Structures are given as C-alpha cells and as structure tokens.
Amino acid sequence: MYIIDDKYYNKKEALARCNEFMKSSVVFFSDGSFVEGKGKGGYGFVSVGGEYVEKSGVDDAKSPVEMELKAIKHTLAYLNMNKQKLTDLDIVIFNDCLNAIGKIKKYVQRPTGANELLDEIYFLLSALSDKNIFICWVKKESLKYHEKVDSLSKAARDMVR
C-alpha cells in the first residue's frame with residue numbers, strides 16, 4: 001500500500017513525524033536541483049536512522065519538478081535493489097516539492113501509461129507492494145536531514161554547469 005501524503009508539515013510536526021516513523025520505518029529524504037537551459041540536474045537522497053545511506057547523481061530533466069520526481073524515482077530504485085534489508089519495515093520518503101508529490105498521488109490513483117517517468121515510479125512503488133510506503137511533503141530546509149540532501153543535490157547539479 002502506498003500513501004502519498006501532500007499535507008504540509010511545519011518543522012516541529014515534520015520532526016515529530018520523522019521521529020515517529022523511525023521507530024518502525026526506513027526514512028529517506030530526497031531532493032532534486034535543476035540547471036535551467038542544460039536539460040539536466042542533480043538529485044540526492046539520504047536515510048535517517050539505521051544504516052546510513054547517502055547517494056547523489058546527475059540525470060536528464062526538463063524542469064525542476066521533473067528533477068524532484070527523478071530524486072524520488074532514484075530513492076525508490078535504491079530501495080528496490082536493497083529490498084532484502086527492509087524486512088518488516090515501512091518506507092517513508094520526505095520531499096520538499098508538493099507539485100511532484102501531487103503528480104505521483106494523482107498518477108497512482110489512475111495510471112495512464114502516458115508518462116514514462118511516472119510509469120517508472122508507479123512500477124517501483126508496485127514492486128514494493130508488500131510494504132507500507134509513505135511519500136510526504138516537508139517544507140524546504142525544515143530539518144537537518146533535508147539540509148543534507150539539499151546540499152547533495154546541489155553538489156551533483158553543479159557538476160552539470
């Protein structure tokens with residue numbers, strides 16, 4: 001089951017929610033950073049608690065929202081590749097782009113096959129269907145974890161410039 005949560009969480013609420021999720025979940029923060037005019041950008045994701053994971057890279061994108069979607073896609077791909085480590089844990093991904101989260105929410109309710117990137121995200125979510133997956137919106141730089149993932153995505157983006 002996946003829950004796309006587009007409710008706004010302020011810093012205090014997001015921290016409380018993150019701490020609550022860490023008791024029974026794998027928690028990740030993802031972020032994308034787009035380079036206007038280059039058709040590329042950087043993405044990053046980090047885990048919170050448990051085994052620490054920190055990844056970043058460069059990918060093609062047509063817009064900042066698409067780069068955020070790519071960050072979520074790469075996080076889900078990582079989770080799928082490491083599925084055996086997840087055991088009975090739920091999965092939580094925090095992202096600061098409400099527009100991207102809204103697109104995923106709308107798409108998973110009614111997948112059309114018309115958007116390749118959203119199809120990939122839907123496929124990756126479906127491959128983790130034995131897990132509860134929460135994709136939640138968090139305000140930019142509201143938590144230290146987000147600040148870390150933000151700097152990762154910007155560092156990857158700067159490799160494109």
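Trainee: What share of the chain's residues is buried?
Mentor: Keep in mind that this is a predicted model, where local features need pLDDT of at least 70, side-chain atom pairs count only at pLDDT 80 or more, and totals for chains, interfaces and linings use all residues. Residues are numbered from 1 along each chain as its sequence is written, and side-chain values use heavy atoms, with hydrogens and water left out. Buried means under 20% relative accessible area, exposed over 50%, and partly exposed in between (1.4 Å probe, protein chains only). Of the 161 residues in the chain, the buried ones make up 52%.

Trainee: Which residues of helix α1 are buried?
Mentor: Look at residues 11-21, which make up α1. The buried ones there are A14, C18 and F21. They sit on the same side of α1, because they cover an arc of only 65° around the axis, an arc taken from the directions from the helix axis to the C-beta atoms. So, on that one side, the names are A14, C18 and F21.

Trainee: And what do those buried residues of α1 pack against?
Mentor: Contact means heavy atoms within 4.5 Å. With that in hand, the partners are β2 (25-35), β3 (40-48), β5 (90-95), β6 (133-137) and α5 (144-158).

Trainee: Which residues does S25 touch?
Mentor: S25 has its place in strand β2. S25 is buried, with a relative accessible area of 7%. Not counting residues up to four places away in sequence, S25 touches L89, D90 and V92.

Trainee: Which residues is L124 in contact with?
Mentor: L124 lies in helix α4 (residues 116-127). L124 is buried too, at a relative accessible area of 12%. Leaving aside neighbours within four places in sequence, L124 is in contact with K73, L76, A77 and N80.

Trainee: How far apart in space are L124 and V48?
Mentor: In sequence, L124 and V48 are 76 residues apart. In space, C-alpha to C-alpha, the distance between L124 and V48 is 21 Å.

How values were computed
Helix = DSSP H or I, 4+ residues; strand = E, 2+ residues; numbered from the N terminus.
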